[in-house]
Every structure is written in structure tokens, then in C-alpha cells.
Amino acid sequence: MTVGGWFRLAEHFVSINGEGQRAGELALFLRFAGCDLNCSWCDTKWANRPDVLCTAASVSDLCGIADEAWSAGVRNVTLTGGEPLLQEGIRELITTLLGMGLRVEIETNGAEDLAPFTGEPRPVFTMDYKLPSSGMERFMKAENIRLLGENDTLKMVCASRKDLERAYTVITEHRPKCRVYLSPVFGMIEPADMVEFMKEKGLGDVRLQLQLHKFIWDPQERGV
Ligand code: SF4
């Protein structure tokens, strides 16, 4: 999904991390165009369309953006999409950003092999495991879960009781070493019902996480 060595940058902005272990902290977001999944409840479908308006950016362009953010006090950079790991030069970008002293977090969709990205220097992963309501569970690489360490996050977005049941099975089968977050699809499931499910199943090591930016800004707002 990189064209002629250029990254397809759909947007970039500084906001707060809406989810993951650094939720609430300022972060530079680099959103890349294109995804190999098509989740039913995707809220960034616009960035996945083949004809989306995007900027062709080199590693050096992206580091320039990161440098500006650093000067403004931002220490986190989140590579997101779409699916950022589909961008051809992503390993070089990750290494360069880590070399600048930034904490690099990759939001990845669970369908990409993480093994090539787990050598040093290592970014932090927030990996989705797509549950049945997404329509994409068949593409999940469950073997990635064992590659996630204590700084990483396994996120499961739930839209229904069926999703919660499946999340419980994934957790009990794979016993992740990383933090595990359950997150509701905004407007499709009551967070209170998710808490009841967690109590019912004794999920003491799992956290409920609400997407902060959906509560602070209009849920459809871009660049926040
Ligand atoms: S993986 Fe993420 S970006 Fe891709 S379709 Fe699903 S929700 Fe959208």
C-alpha cells in the first residue's frame, strides 16, 4: 500500500490517545490509507477507500512531522489506519521514530503477522482481535497473541453478547500476557452490560475501555 516508496498518509494530527495503555496522553497520530479488512462497524472506512485523498509522504517527511510534535511536548506517536503494517517502509519508519526517542504505538488489525516487528527496537502494539459481529474473525492470526508482552494491549471490540462470549473463549484459550481491553462499539452495546458480563465471568484481569474521543467530541469527527 506504499506507492513508489511513499507512504499514503490519510491524515495527521495531535490529540489524546483514546484507548490503550496511554489513553488520555497526548499523541501524534499518523493515519495511513488502506486496510485489508472491512469490519461492519469500522469508523474509518473513508480512509480505506482506494480513491481517498491522501498525501504521499517519505520517512523523512513523517519524521519532520514527528519532530514538530516533539518540539510541542508530544512524546507518543500512534501509527494507525487503515492498517499501518501494510505500508511497505513501515519497519524503517518505526526504527527511525524510536531512534528519535518517541514511544511508538502500532494499532494493528489482528490479520497481520507481528513476528517481523518484534525484534529490537520494538514498538508497542495495540492489537485488535476481531469478534463475530465485525464479520472479520476468520482473518485473525491468533498466534500473534503469544507475541504480545506486558507493554502491549489486546483489544476486543464488542457489539453484542455473542462477541463477549467469544472474547471470553479467546482469553481463556490463549491466556494473553499483555493487558486485555474490552471496548464497546459506540451505540451498539451498553457498557454497563459489559461490566455485568465481566462480573459474571470473573474477568478480574480484563479492563473495560471506552473510546475517550467519542465522548469528548462528536463521534463522527475526524482529526481528533
Ligand atoms: S481493521 Fe480497522 S480500519 Fe480496517 S476495516 Fe476494521 S476497523 Fe476499519
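**Close-up views of a predicted protein model**

**View 1. Cys-158 meets its partner in E8.** The bridge partner of Cys-158 in E8 is Pro-184. This is a predicted model, in which local features need pLDDT of at least 70 and side-chain atom pairs count only at pLDDT 80 or more, while totals for chains, interfaces and linings use all residues. Residues are numbered from 1 along each chain as its sequence is written. Strand E7 (residues 153–158) and E8 run parallel and are joined by six bridges; two strands pair if DSSP finds at least two bridges between them. Strands (E, at least two residues) and helices (H or I, at least four) are DSSP runs, numbered from the N terminus. E8 is mostly covered, with five of its six residues buried. Here, a residue is buried if 20 or more other C-beta atoms lie within 10 Å of its own, exposed if 12 or fewer, and partly exposed in between, with C-beta atoms placed from the backbone.

**View 2. The whole chain, for orientation.** How many helices and strands does the protein chain have? There are five helices and nine strands, and from the N terminus on they run β-β-β-α-β-α-β-β-β-α-β-α-β-α. The C-alpha trace spans about 50 × 35 × 35 Å along its principal axes. Of the 224 residues, 40% count as buried.

**View 3. Inside the largest nonpolar core.** This core has 50 residues, and Val-77, Leu-154, Met-156 and Cys-158 have the most contacts inside it. Strand E2 (residues 26–32) gives the largest share of this core, five residues. A nonpolar core is a set of buried Ala, Val, Leu, Ile, Met, Phe, Trp, Tyr and Cys residues joined through C-beta atoms within 7 Å. In soluble globular proteins, nonpolar side chains tend to be buried together. Leaving aside neighbours within four places in sequence, Val-77 is in contact (C-beta atoms, placed from the backbone, within 7 Å) with Ala-27, Leu-28, Leu-30, Ala-66, Leu-97, Leu-102 and Val-104.

**View 4. Around the ligand.** Which residues surround the ligand? They are Cys-35, Leu-37, Asn-38, Cys-39, Cys-42, Thr-44, Asn-48, Gly-81, Gly-82, Glu-83 and Asn-109. A residue is near a molecule if its C-beta atom, placed from the backbone, lies within 6 Å of it. The shell divides into four nonpolar, six polar and one charged residue. Ala, Val, Leu, Ile, Met, Phe, Trp, Tyr, Cys and Pro count as nonpolar, Asp, Glu, Lys and Arg as charged, and the others, Gly among them, as polar.

View 5. Most residues other than glycine have a negative phi, and most peptide bonds are trans. A cis peptide bond joins Gly-81 and Gly-82, with omega about 10°; Gly-82 lies in the loop between strand E4 (76–80) and helix H2 (90–99). The bond from Glu-120 to Pro-121 is also cis, with omega near -5°, and Pro-121 sits in the loop between strand E5 (103–108) and strand E6 (124–128). Arg-175 has a positive phi near 45°, in the loop between helix H3 (161–174) and strand E8 (179–184). Is Arg-175 buried or exposed? Arg-175 counts as exposed because it has 11 C-beta neighbours inside 10 Å.

**View 6. Leu-210 and its contacts.** Leu-210 is found in the loop between strand E9 (206–208) and helix H5 (212–216). With 16 other C-beta atoms within 10 Å, Leu-210 is partly exposed. Not counting residues up to four places away in sequence, Leu-210 touches Pro-184, Pro-191 and Phe-215.

Terms used
Two residues are in contact if their C-beta atoms, placed from the backbone, lie within 7 Å.
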